[in-house]
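The sequence and structure are shown first.

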Amino acid sequence: VQLQASGGGLVQPGGSLRLSCAASGRFFRIGVMGWYRQAPGEQREFVASSLSNGTTNYADSVKGRFTISRDNAKDTVYLQMANLNPEDAAVYYCYSRIQLKWRQNFNDYWGQGTEVTVSS
């Protein structure tokens, strides 16, 4: 199972960016999908998550600016980021809890990270 993240880049303050993360491989079911981020010298922090039933959760720092969504048919999660500021600059990592086979426990998987730079 692999998670492939994409969509990072350079954006000006106040700008927008959309990240994508697709799961691939053989598995039975995907549970939660979401995003963490890690700025230089900082610990990785939670950004947003989405359950398979559509329930979402956000870090306070991104509420009202970021929107997480997912396409279950494509096993893909998106993070639409708006009104970005320099404090949002980080490497963004997607993650997911995936059940490989029926009745097995869910395992955690991480994508490779995609960098977001916010600068004028």
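## Serine 96

The side chain of S96 makes a polar contact with the backbone oxygen of V32 at 3.0 Å (a polar contact is a pair of N or O atoms within 3.5 Å; within protein, one must be able to donate a hydrogen and the other to accept it, and residues adjacent in sequence count only if both atoms are side-chain atoms). S96 belongs to strand β9, where strands (E, at least two residues) are DSSP runs numbered from the N terminus. S96 counts as buried because its relative accessibility is 0%; buried means under 20% relative accessible area, exposed over 50%, and partly exposed in between (1.4 Å probe, protein chains only).

Neighbours within four places in sequence aside, S96 is in contact with L3, I30, V32, M33, N107, D108 and Y109, contact meaning heavy atoms within 4.5 Å. S20 is 76 residues from S96 in sequence, and their C-alpha atoms are 13 Å apart in space.

## Basis of the model

This is a predicted model, in which local features need pLDDT of at least 70 and side-chain atom pairs count only at pLDDT 80 or more, whereas totals for chains, interfaces and linings use all residues. Residues are numbered from 1 along each chain as its sequence is written, and side-chain values use heavy atoms, with hydrogens and water left out.

## Disulfide

The structure holds 1 disulfide, defined as a pair of cysteine sulfur atoms within 2.5 Å. C21 and C94 form this link, with an S to S distance of 2.1 Å. The disulfide is right-handed, because the torsion about the S-S bond of C21 and C94 is about 50°. C21 is buried, with a relative accessible area of 1%, and C94 is buried at 0%.

## Nonpolar core

In soluble globular proteins, nonpolar side chains tend to be buried together. A nonpolar core is here a set of buried Ala, Val, Leu, Ile, Met, Phe, Trp, Tyr and Cys residues joined through side-chain atoms within 4.5 Å. The largest such core has 28 residues, of which W35, V47, F66, L79, M81 and Y92 touch the most other members. Elements giving two or more residues to this core include β1 (2-6), β4 (29-38), β5 (45-50) and β11 (114-118).

Residues up to four places away in sequence not counted, M81 touches G15, S16, L17, L19, R65, F66, Y92 and V116.

## Four-stranded sheet

An open sheet of 4 strands runs in the order β1-β3-β8-β7, with antiparallel pairing; two strands pair if DSSP finds at least two bridges between them. β1 and β7 stand at the edges with a single partner strand each, so one side of each is left without a neighbour in the sheet. From one strand to the next, the twist averages 15°, with axes as lines fitted to C-alpha atoms and angles from 0 to 180 degrees between N-to-C directions. The antiparallel strands β3 and β8 are joined by 6 bridges, and A22 stands opposite T76 in β8.

T114, in strand β11, counts as buried at 10% relative accessibility. A polar atom of the T114 side chain lies 3.0 Å from the backbone nitrogen of G8.

K101 lies in the loop between β9 and β10 (106-110) and counts as exposed at 54% relative accessibility. K101 and G111 are 10 residues apart in sequence and 21 Å apart in space, C-alpha to C-alpha.
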